[in-house]
Each structure stands twice: as C-alpha cells, then as structure tokens.
There are 2 protein chains.
Amino acid sequence: MGTNDIVKFEALSPAEFFRRNREIAGFSNPTRAIYQTIRELVENSLDATETFKILPSIKIYIDYANQSRSWISIYVEDNGIGIPGDEIPNVFGRVFYSSKYRIKQHRGIFGLGAKMVVLYAQSTTNTPILVRSAPLRSNVIYEYQLMIDITKNEPVIMSQRTMENKYGWHGTAIRVVLEGDWSKAKRRVEEYLRRTAMVAPYAEFVLRGPDEDDAIKIPRVTTKMPDPPKEGLPHPKSVDVELIKQLIQKNPDLPLLEFLTENFDGVGETIAKTFIDFVGLQPDMPVGKLINDELINFVTKMREFNGWRRPRADWLSPIGEDILAEGVKFVLRPEVVFTVTRKPSSYMGNPFIVEAALAWGGAIEPSDNPIIYRFANKVPLIYDEGNDVIRKIVDEIDWTQYKVKFPAPLAIVVHICSTKIPYASAGKEAIAEVPEIESEVRNAIREVARKLRLYITRKEKEQELLMKYAIFSMYAEEVVNALSYVTKADIEELRSSMTTLIKEKLKIRRFEDLLNNSLSSEDENNSEAQDHEPSS
Amino acid sequence: MGTNDIVKFEALSPAEFFRRNREIAGFSNPTRAIYQTIRELVENSLDATETFKILPSIKIYIDYANQSRSWISIYVEDNGIGIPGDEIPNVFGRVFYSSKYRIKQHRGIFGLGAKMVVLYAQSTTNTPILVRSAPLRSNVIYEYQLMIDITKNEPVIMSQRTMENKYGWHGTAIRVVLEGDWSKAKRRVEEYLRRTAMVAPYAEFVLRGPDEDDAIKIPRVTTKMPDPPKEGLPHPKSVDVELIKQLIQKNPDLPLLEFLTENFDGVGETIAKTFIDFVGLQPDMPVGKLINDELINFVTKMREFNGWRRPRADWLSPIGEDILAEGVKFVLRPEVVFTVTRKPSSYMGNPFIVEAALAWGGAIEPSDNPIIYRFANKVPLIYDEGNDVIRKIVDEIDWTQYKVKFPAPLAIVVHICSTKIPYASAGKEAIAEVPEIESEVRNAIREVARKLRLYITRKEKEQELLMKYAIFSMYAEEVVNALSYVTKADIEELRSSMTTLIKEKLKIRRFEDLLNNSLSSEDENNSEAQDHEPSS
C-alpha cells in the first residue's frame with residue numbers, strides 16, 4: 001500500500017487552523033491587522049455595553065511598543081458588564097469558545113475576534129495579551145496575562161492576580177502588542193469609528209494615537225439607547241435536520257407536542273396541534289421514536305407549514321428612527337435627515353429589520369451618485385460595495401422622480417439587523433440578494449426618498465412664495481399710500497389689511513415660516529426633532 | 001456576580017462551528033451548495049490525480065434523489081491515488097483533518113471541502129455520504145457510509161465493507177444526497193468545468209445531468225502534464241514566532257546551525273553560519289536555550305536577512321506554456337494564442353509563478369474590454385473580479401500601443417500559482433495588491449501583448465503585400481505580353497522572370513506564405529505549435 005508513503009494525513013487544532021489561515025478573519029497584513037484588532041475589540045466592547053443598556057464609553061490608546069521592530073501596542077477599555085474571572089482564560093485562549101453562539105443579534109458573529117487578536121499578537125511579537133476585567137458589582141478586578149497553546153487550543157496563563165475594586169469599576173480592558181503599521185491603518189480606523197458613531201450616537205469614543213496630533217474624541221450625542229435584543233428560540237421555519245436531531249438527543253422521551261412548544265419560537269399548543277395533524281402524527285408520540293424517514297418528513301413539513309407565527313423581532317435591536325437621525329446628523333452634518341425603521345420581516349425563519357436614513361445638503365459634498373453607508377447589525381460594511389444588494393437597489397432608483405438632479409448632496413444609510421445576516425461572500429462585507437430583504441431595502445429607501453421629495457417640493461414652493469411676497473410687498477406700500485390718499489383711511493390700518501390680504505392670497509399661515517426656511521411648523525406633531533419626520 | 005446569569009459561555013466543536021457558518025465555505029444556499037459540492041469534489045479529484053502524474057478522468061453524475069423534496073444526488077468518481085482504508089472515516093468525518101496542511105501547491109486550501117459536503121448533506125437530507133476508494137495497487141476496495149457526530153467532531157461509521165478489487169481500479173468515488181436546485185446550478189457548474197479545462201487540458205470530464213440533454217463531455221486534449229509540485233520546508237523569510245516556537249519544541253537540544261539547515265528551505269551550512277554571525281549568536285548553542293527576547297530578535301532577523309536563497313519553485317506546479325496554450329485553444333477556439341510562464345519570484349518568503357495567455361480572434365466575441373479569466377493554483381476565480389489586481393492591471397494597459405482597437409476579440413488568461421495565494425478577502429475570489437505579484441502579472445501580460453502586436457503587424461504587412469501582389473500581377477500579364485511581342489522572347493520564361501522580380505521586390509520568400517495567411521514560416525524555429533511562440 002504505497003499511498004501512506006506519498007500522502008500524509010494530519011489533524012490540526014482549531015487554533016492552528018486559524019493561525020495559518022488568518023486572512024479568513026481579516027488579519028491579512030500588518031495594516032489590516034491593526035484595523036481588524038481595533039475593530040474586533042471595539043465590537044466586543046459595544047456588545048458588552050449596549051446589549052445591557054449601559055451607555056458605552058470606549059477608550060482606544062495606541063502606542064509604539066518597539067519602533068525599530070514596528071511593534072504597536074493597542075489598548076481598548078470599556079465600561080461593559082465584564083467577564084467572570086474563571087471564564088477569562090477560555091474567552092481569550094480557546095478558539096470556538098464564546099458567549100455569542102446564541103440566537104440573538106450580536107455585532108460579533110463568530111466569537112472568533114478576541115482569539116484572532118491573541119493569535120496574531122503571539123505570532124508576531126510572542127507577547128501575551130493583558131486582560132483586566134470586573135463584572136458588574138464585583139469586589140475585585142481580575143487580571144490575566146494569556147497566550148494560547150496553539151497545538152492544544154488551550155489558554156496558557158502566564159500570570160494572574162486579583163485586585164481590590166476600590167471604585168466599583170466594571171468593564172474590560174485589553175492590551176496587546178503586535179506588529180503593524182499604524183500610519184497606514186490610522187485613516188481606516190478613524191473612518192471605522194466615524195461610521196460606527198453614525199449608528200451608535202449614544203456611545204463615546206476616545207482614540208489616542210502615538211503621535212501628538214493623533215487624538216480623536218467622538219462625543220456621545222444622545223443618551224437614548226435602542227432596546228437590547230432578547231435571546232430567542234429558533235423559528236420553526238429556520239431549522240435543519242441536524243438541529244432537530246440535536247434537540248431530540250437532549251430529551252428523546254418528550255412528546256411531540258411539548259417538543260414543539262418548548263423548543264421553538266412562537267409555537268403554542270394550538271399551532272403545535274395543527275402542525276402535528278398536518279404531518280399526520282400523534283401529539284403524544286415521543287419525539288425520539290421518529291424513524292429516519294419520518295424525521296426528514298417532519299423537518300421538511302416544518303419548513304413548508306404556513307401556520308407558524310411570524311418570527312419575533314425581540315431578538316433584534318434596531319437603532320430606531322430618532323437615534324439614527326441623531327447619529328447621521330452628528331457625523332454627516334447635513335441640512336436635513338429623514339429616517340425610517342421598517343416593521344420586522346423574515347426570510348427562511350430568520351427575522352430581520354431594515355432601517356434607512358437619507359441625508360441631504362449641508363456638509364455633504366455633491367456627487368454624481370448617492371453616497372452609500374451600509375451597516376449590518378450596527379457594524380459598518382466598508383469593502384465590496386459593488387457586490388452589495390444595497391448598491392444595486394440605490395442604482396435602480398430613478399432619482400429624478402424624487403426631484404433629485406445629480407450632482408447632488410445625497411447620502412443613503414441602510415442598516416439591516418437580523419439574527420442571521422445573509423452575506424454574499426465569506427468576506428462578510430456584502431449583503432446577498434435575498435428577495436425578502438431586497439424588497440424591504442427598496443421600500444425603506446423609497447420611504448425616505450418620498451420625504452425628501454416632499455421636502456424639496458416645499459422648499460421650492462417656499463422659494464416661490466418668498467419671491468411673490470417680496471414683489472407684492474414692493475407694490476403694496478405704493479398701493480397703501482395711494483389708497484390712503486384717495487380714501488383718507490388710516491394708513492396703518494390699510495397696511496395691516498393689505499398684509500392680511502397678501503397672506504391670504506399666498507396662503508401663508510404664519511409669516512415667520514417663510515423666513516425660518518424650515519418645515520417644522522407644517523408637521524402635524526411638533527416634535528423637537530424638527531427635520532425628522534415620524535414614519536407612517 | 002450577576003454576569004454568569006446574563007451571559008452564557010459555551011464551546012463549539014469545529015464541526016458545529018462550520019455547520020452553523022457554512023456560508024464561510026460557500027454553502028450559502030441550495031444553488032450555491034450544489035456548485036460548491038461539485039467544485040470541492042472535483043478539486044479533490046484533480047489533486048489526487050495530477051499531483052501524482054495520473055491523467056485525470058473525472059465522472060460527475062447528477063440525479064434527482066427525491067424530486068418532490070428537491071433532493072439531488074451527486075456522484076463524483078476519479079482515477080486518483082485513493083485513500084487508505086483506515087484514513088477514510090477521518091478524511092470525511094473530522095473537520096481539521098487533512099493531507100493538505102503542507103507547504104506545497106494544492107487546489108484545495110483548507111482541507112475543509114469534503115467535510116463541508118458531508119455536513120451539508122447531513123443537515124439537509126440526513127443521509128450519509130457513500131465513499132468508495134482503492135489506493136494504488138490495492139487488492140481491495142473500501143466502502144464506507146459515513147456521517148459526522150457534529151458535537152464531537154468525529155466520524156460516525158454507518159456501514160463498512162471491503163470488496164475484492166478485481167480490475168485493479170484505483171481512485172475515489174463519492175455519492176452524496178443533498179437539497180439543492182440543479183436547474184439553477186447547472187450553468188454555473190458547466191462554466192466552472194469549462195474554465196477548469198482551460199488550465200487542465202490533460203484532464204477529461206464527463207458531466208451527466210438528470211435530464212436527457214444534460215450531458216457534457218470535455219475530452220482530454222493533451223497527454224502532456226505539468227510536473228507535480230514537491231513538498232517543501234518553510235522559507236526562512238516566511239516564518240513567524242509561533243512557527244519557530246513549534247519547531248524548537250520538537251527538539252530543543254538541536255544546535256542553532258542544525259536547526260537552521262534541517263528546518264528551512266535552501267539553508268546550507270555556509271548560509272546558516274553567516275546568518276548566526278549576523279544575529280550575534282553561537283552555531284552550537286542549543287536552540288531551546290534562546291530566551292524570549294533572543295527568540296524574537298532571531299525571528300525578526302530571519303525576516304530581515306538578505307543572504308537567504310530565493311524560495312524554491314519546486315513546490316509549485318505551473319501549467320506550462322504549451323499545455324496552457326492547448327487548453328485555451330480548445331476552450332476559447334481563438335485565431336491565435338500566445339502564452340508565457342514567467343520565472344519564479346517570491347513575496348514574504350512565499351514562492352510564486354505567474355502565467356498568462358492572450359487569445360485573439362476566432363470564436364472570441366469582440367467586446368469593449370478584454371475578457372479576463374483568472375486562476376489561482378489552477379482553480380478558476382469566478383466572483384469579485386472588480387476587486388482583483390488582475391482586472392486593475394489589464395485596465396491600466398494602453399492597448400492601442402499593442403495595436404488593439406476596441407471592440408476587439410481579446411481574452412486574457414492569468415494564472416498565479418503559489419504555496420500561499422494572497423487573497424484580497426476571505427471570500428478567496430480576488431487576488432490582493434501585493435507589489436511583487438502585481439509587477440509579475442504586468443510583465444506577463446505585456447509579454448503576450450507584445451507577441452500580439454507582432455502578430456497584428458505581420459498580418460497588416462501580409463495584407464499589404466497581398467494587395468500589392470494582386471495589383472502587380474494584374475499588370476504583369478500585360479507587360480509580359482507586350483515584352484514578348486517586342487522582344488520575341490519566350491512568354492513562359494518572361495512570365496517566370498516577372499514573378500521572380502515581383503517576389504524580390506515584395507521580399508516574399510515563399511509564395512505560399514501569403515496565401516496561408518499564417519506566420520509559421522517566419523518563425524525561427526518551425527515547431528508544430530504554429531501559433532504558439534516560445535518565450536524568450
């Protein structure tokens with residue numbers, strides 16, 4: 001048997017696999033590695049704060065650790081819920097160990113980021129990661145220096161201590177030293193933070209680079225926060241055979257009825273009974289008794305059945321129209337912003353919500369196409385725009401029907417949140433063409449575009465009115481004088497009547513509206529956000 | 001400590017991770033899953049044949065397994081080196097177990113494909129994979145039906161038997177049943193095979209679909225095969241700290257000198273001594289004695305040192321100019337093909353070779369831009385062309401300087417082979433902008449473009465000659481007649497002299513060349529490949 005000699009087979013640990021293929025996780029070169037490190041740590045920090053209704057305060061300090069070797073030290077600190085002391089080694093030192101493998105909306109997707117940071121630091125500078133963390137109401141702060149035993153996929157604890165938590169701090173602070181090129185990564189990191197702030201205006205960021213002028217402070221613009229997502233059960237339409245088998249294994253004696261009501265979202269007794277009847281089985285049959293073909297049929301039918309409730313949106317945490325408007329206003333400084341949060345929808349049992357903002361004028365530079373900002377689960381998507389269904393939809397829209405003539409100062413922000421974002425490629429930078437999502441994105445953009453048309457129409461009318469008013473007023477004074485001379489009537493009275501007459505003719509309700517050049521007074525509900533229309 | 005209540009941590013097995021995130025490996029929807037399955041199995045088949053100098057014969061049979069459930073059965077059979085019986089369960093049933101984790105050029109990169117196929121089949125139809133395999137010179141054929149215990153990341157053997165290998169077969173045959181949409185996947189699969197044939201014209205493929213007209217046979221066009229890649233040691237410039245630490249652990253007592261000569265490519269005693277001197281250490285120091293800072297310094301210096309040999313190209317297996325020309329000629333049916341295989345080059349210690357083909361005219365439809373076919377380690381890259389450095393370079397070229405006026409019937413094929421392909425994104429569909437590779441791609445394309453210019457120039461000249469010859473001949477007969485009348489000389493002799501005179505004036509060596517409309521006779525070496533110039 002010659003084959004054993006020519007081909008050698010071997011097993012890799014997950015840690016070794018990702019060390020060798022770090023490009024998969026975005027650590028492809030020294031510039032990208034810095035960007036990716038900061039991004040992973042910041043997203044963990046946001047997950048650890050906003051998910052628990054804590055207003056995020058995130059500090060990022062960059063320093064040269066060894067300039068001749070281009071070693072960079074990256075420190076990221078948050079005020080989140082912290083990590084229990086005994087979980088810290090595994091969370092940072094074991095690939096495929098995470099709190100993010102649950103059905104709810106996370107920024108992080110794979111629970112892989114922190115480990116990749118440790119692997120990259122270790123591979124380039126052989127230095128451990130420093131982790132300091134205090135859970136909520138903890139009396140102590142835990143500190144670890146950790147590396148990964150890559151062949152065993154296990155954490156190696158280099159040092160460990162606990163300190164008194166004198167000031168009741170909670171959160172996590174990380175310091176890593178890795179090889180990288182800060183001067184090249186800097187602009188990308190700044191753009192990333194700017195875009196993140198757009199959808200998280202309730203967070204504050206301090207970025208301090210190694211050089212004098214390298215400090216950026218993005219303040220908190222609002223203390224309103226979106227409701228955090230709840231953790232969910234799988235929707236019966238989103239299952240596959242393997243998941244059902246895993247659930248059966250946990251408790252094979254469970255009757256079918258309970259199996260359905262206990263393991264799936266939105267399945268009450270009535271629905272469960274209807275479904276079991278639809279499949280042609282008995283409600284009290286133990287689920288473990290399903291033979292293979294019955295099992296397959298059961299799963300197929302689960303996906304075909306139309307009687308399930310719609311997937312729940314509680315697992316999702318949209319930004320919300322007001323917060324999104326504030327974020328966009330702060331970052332883009334436009335003349336006006338319109339936002340919409342669509343109702344929840346779903347594809348293949350996965351709930352999703354589309355939000356859109358349209359920003360117009362002000363500091364937005366006119367360009368030949370709408371500027372697009374894409375977000376998935378509050379994470380900015382920066383690459384691969386050409387492949388994205390959002391770009392496609394924006395390009396398909398006939399903007400002249402919304403009174404937009406390019407070049408125009410127009411930016412479109414689209415946020416999709418879901419328990420499962422359908423990416424077009426493994427690069428996770430573009431959204432795939434799922435018909436349900438496509439149609440929601442189109443509707444969201446149209447909705448804000450219609451508001452823009454209304455806005456532009458009103459502005460045009462106002463402009464016209466202002467012109468007419470100016471002309472009428474010019475002649476009015478002459479007419480008033482002439483009338484006063486002929487009729488001997490009081491000139492002040494005449495002038496006042498004339499003004500009323502002009503206002504009536506021009507249908508101006510309040511004179512100030514014209515000069516304000518604002519639309520707020522015409523809104524039905526005079527909310528404080530004057531340029532933000534509530535959606536219908 | 002409230003945190004343990006709000007956040008739950010858990011470990012996933014690698015199999016469970018990839019089951020949940022199958023989009024990462026391209027199994028994102030039922031159409032893509034079929035394409036990806038066939039692609040993974042075909043690439044394994046090609047690796048199991050051509051790498052061992054076996055002319056690949058690959059059969060792909062698609063059938064409806066259960067039409068009402070849209071279950072598709074996919075069967076792929078090759079004549080490769082087979083898999084040893086006792087390795088079969090792990091090769092198909094354990095994620096991160098493979099023969100591809102070695103430094104040499106593979107089509108497969110992650111050794112993940114076959115497991116993803118099993119995971120996908122299992123998740124959608126709960127059916128095992130059927131594997132039949134016979135290694136070279138094996139007396140028996142092994143047959144397994146396998147599934148994966150996803151929570152344990154272990155193969156589950158559903159059935160197992162050995163059969164007598166009566167006819168001395170060797171190879172591997174796989175059958176899987178999965179959910180998918182063949183009608184949508186079909187065109188993509190065909191295009192994939194067509195492109196694969198372009199760079200592997202020594203392979204034959206039979207694709208038989210479930211419907212009558214669904215058969216494609218791509219014949220073997222040549223029996224010439226590229227030399228298979230050798231397996232290599234890492235180049236000293238491509239190391240990172242973690243790799244050095246792993247090597248040290250294996251044998252910490254090894255003196256520095258032997259450590260270098262035994263573990264790295266192209267490091268002889270002289271070079272090793274020069275390097276150790278450069279670092280300021282002693283050759284007989286046991287490598288395990290390096291303390292942390294010395295170790296880092298050692299690795300940093302390894303990457304800085306300029307005295308290493310260039311990385312070896314034996315690990316690579318370029319297609320070669322002749323084979324590439326035959327493949328392109330067969331698939332694109334152009335008027336002419338020019339090919340070049342550049343000399344090996346390297347980036348960050350990773351060797352690579354760029355090959356290019358330019359195909360012109362014939363069955364190629366004229367278009368406004370060159371049509372581009374991209375390949376990495378003989379695998380066609382189909383998505384994400386806009387992001388690719390090859391597209392960028394082709395667009396930068398001023399084609400008028402090569403006498404090309406668009407729309408033109410021009411196709412450019414670029415193949416990059418390397419032990420490490422630098423992909424631009426985790427999608428593995430676009431090559432990143434590595435300066436060394438960029439410059440090689442540019443040179444390769446320029447080289448074939450210059451050949452095209454020469455070809456077009458010659459064709460223009462021939463066209464001109466043909467015109468002149470036609471005009472001269474028209475008048476020659478009259479002149480011959482007149483001369484014969486005046487001088488009474490023999491008309492046949494005069495006609496012959498006149499023809500010779502015209503040929504001399506027009507510098508036509510052989511008359512037939514003109515009518516052939518071919519350039520072969522002007523080539524210095526009259527090889528059989530008349531439209532394929534050898535590179536200089």
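This is a predicted model: local features need pLDDT of at least 70, side-chain atom pairs count only at pLDDT 80 or more; totals for chains, interfaces and linings use all residues.
Figure 1. An α-helix has 3.6 residues a turn, so residues three or four places apart point the same way. The helix covers residues 30-49 of chain B, and its 20 residues should span 28 Å at 1.5 Å a residue. The end C-alpha atoms of α3(B) are 29 Å apart, which agrees. Of the 20 residues of α3(B), 18 are buried, so the rest of the structure largely encloses this helix.

**Figure 2. A salt bridge between B:Glu335 and B:Lys459.** The side chains of B:Glu335 and B:Lys459 meet in a salt bridge, at 2.8 Å from N to O. This pair links distant parts of the chain, 124 residues apart. B:Glu335 is in the loop between α11 (321-332) and β11 (336-341) of chain B, and B:Lys459 is in helix α13 (residues 435-487) of chain B. B:Glu335 has a relative accessible area of 33% and is therefore partly exposed. B:Lys459 is also partly exposed, with a relative accessible area of 23%.

**Figure 3. A salt bridge between two loops of chain A.** A search of the whole structure finds 60 salt bridges over all chains. One view shows A:Lys53 and A:Asp227, whose side chains meet in a salt bridge at 3.5 Å from N to O. A:Lys53 is in the loop between α3 (30-49) and β2 (57-66) of chain A, while A:Asp227 is in the loop between β10 (215-218) and α7 (241-250) of chain A. The pair links distant parts of the chain, 174 residues apart. A:Lys53 counts as partly exposed because its relative accessibility is 43%. A:Asp227 counts as exposed, at 57% relative accessibility.

Figure 4. Helix α6 of chain B covers residues 182-199. At 1.5 Å a residue, its 18 residues should span 26 Å, and its end C-alpha atoms are 25 Å apart, which agrees. The buried residues of α6(B) include B:Trp182, B:Tyr192, B:Arg195 and B:Met198. Strand β9 (residues 204-208) of chain B runs antiparallel to strand β10 (residues 215-218) of chain B, and four bridges join the two. A hairpin of six residues connects β9(B) to β10(B). B:Val206 has B:Lys217 in β10(B) as its bridge partner.

**Figure 5. B:Phe92 in the largest nonpolar core.** The largest nonpolar core has 160 residues. The residues with the most contacts inside this core are A:Phe18, A:Phe92, B:Phe18 and B:Phe92. Leaving aside neighbours within four places in sequence, B:Phe92 is in contact with B:Ile83, B:Ala114, B:Lys115, B:Val118, B:Ile129, B:Val131, B:Leu146, B:Ile148 and B:Ile174.

**Figure 6. Contact between chain A and chain B.** Chain A and chain B each contribute 73 residues to the contact. The two chains bury about 6,500 Å² between them, 54% of it on carbon and sulfur atoms. Four salt bridges are counted between chain B and chain A. In a salt bridge at 2.8 Å from N to O, the side chain of B:Arg303 meets that of A:Glu179. A network of salt bridges links A:Glu16, A:Arg19, A:Arg20 and B:Asp240.

**Figure 7. The surroundings of A:Trp71.** A:Trp71 is in strand β3 (residues 71-77) of chain A. Its relative accessibility is 9%, so A:Trp71 counts as buried. Not counting residues up to four places away in sequence, the residues that A:Trp71 touches include A:Tyr64, A:Thr125, A:Leu178, A:Glu179 and B:Ile296. The C-alpha atom of A:Trp71 is separated by 52 Å from that of A:Arg303, 232 residues away along the chain.

**Figure 8. Chain A as the setting for the views above.** Chain A has 15 helices and 16 strands. Its C-alpha trace spans about 120 × 70 × 55 Å along its principal axes. Of the 536 residues of chain A, 56% count as buried. Among contacts in chain A between residues at least 6 apart in sequence, 72% join residues at least 24 apart.

Technical notes
Residues are numbered from 1 along each chain as its sequence is written. Chains are lettered from A and ligands numbered from 1 in the order in which they are written. Side-chain values use heavy atoms; hydrogens and water are left out. The expected span of a helix is 1.5 Å times one less than its number of residues. Buried means under 20% relative accessible area, exposed over 50%, partly exposed in between (1.4 Å probe, protein chains only). Two strands pair if DSSP finds at least two bridges between them. A nonpolar core is a set of buried Ala, Val, Leu, Ile, Met, Phe, Trp, Tyr and Cys residues joined through side-chain atoms within 4.5 Å. Contact means heavy atoms within 4.5 Å. Buried area is the accessible area (1.4 Å probe) that two parts lose on being put together, summed over both.
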